[in-house]
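Biologist: Could you take me through one part of this model at close range? I would like to hear about the salt bridges first, and then about the nonpolar core.

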Amino acid sequence: MQQYIDFLSNHPYLTAAWVALFLALIVSWIKSLTSSVKQISPTQLTLMVNREDATVIDIRAEADFKKGHITGARHLTTEQINTQAVAGLENKKDAPIIVVCQAGMSAQGAAATLSKQGFTKVFVLQGGMNTWTGANLPVVKSKT
């Protein structure tokens, strides 16, 4: 035990970094538990689309969307979501909506915005399109 105390007192910056990382991990874990936006796997996405008529929203750049997207996905930009320009989604406030981005990170903000706008079942594809294509699941390419 004395060795730990000596290490902590001899290396205050390293100790502070470890404490900060630990606290960030705890805060992130608590935030994910209390968040209204949940992450789902590609399998869960498929089941929700097939069984609950979920809407998939792809927020990647239009060029990336055209290169390949999930079948039936709608392309919306983050700006459209932020300004509530989500034409056609107004009547789906209680239906599942799944937000997809490239890696699953930027979709969190868009999903949180949709949730604040009154959409009750908002989800994010965990790992984004990287996970989807990594699992060799089908993508559709847009023409033009």
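**Salt bridges and core**

Modeller: Happy to! Let's start in helix α4 (residues 62-67), which holds both K66 and E62, four residues apart, or about one turn of the helix. Do keep in mind that this is a predicted model. The side chains of K66 and E62 meet in a salt bridge, with 3.5 Å from N to O. K66 counts as partly exposed because its relative accessibility is 28%, a value between the 20% and 50% cut-offs. E62 is also partly exposed, at 46% relative accessible area.

The count of salt bridges comes to two. In the other pair, the side chains of D58 and R60 meet at 2.9 Å, N to O. Here D58 and R60 are both buried.

Now for the nonpolar core. The largest one has 17 residues, and I57, I59, I81, V99 and L114 are those with the most contacts inside it. The largest share, four residues, comes from α6.

Setting aside neighbours within four places in sequence, I59 is in contact with L76, T78, I81, V99, V100, C101, S106, A107 and A110. There is also a second, separate core of 14 residues, and L45, M48, V100 and L125 are among them. V100, then, is a contact of I59 and a member of that second core.

Technical notes
Residues numbered from 1 in each chain as written. Predicted model: local features only at pLDDT ≥ 70, side-chain atom pairs only at ≥ 80, totals over all residues. Heavy atoms only, no water. Core = buried A, V, L, I, M, F, W, Y, C linked by side-chain atoms within 4.5 Å. Buried < 20%, exposed > 50% of the residue type's maximum accessible area, 1.4 Å probe, protein only. Helix = DSSP H or I, 4+ residues; strand = E, 2+ residues; numbered from the N terminus. Contact = heavy atoms within 4.5 Å. Salt bridge = Lys/Arg side-chain N within 4 Å of Asp/Glu carboxyl O.
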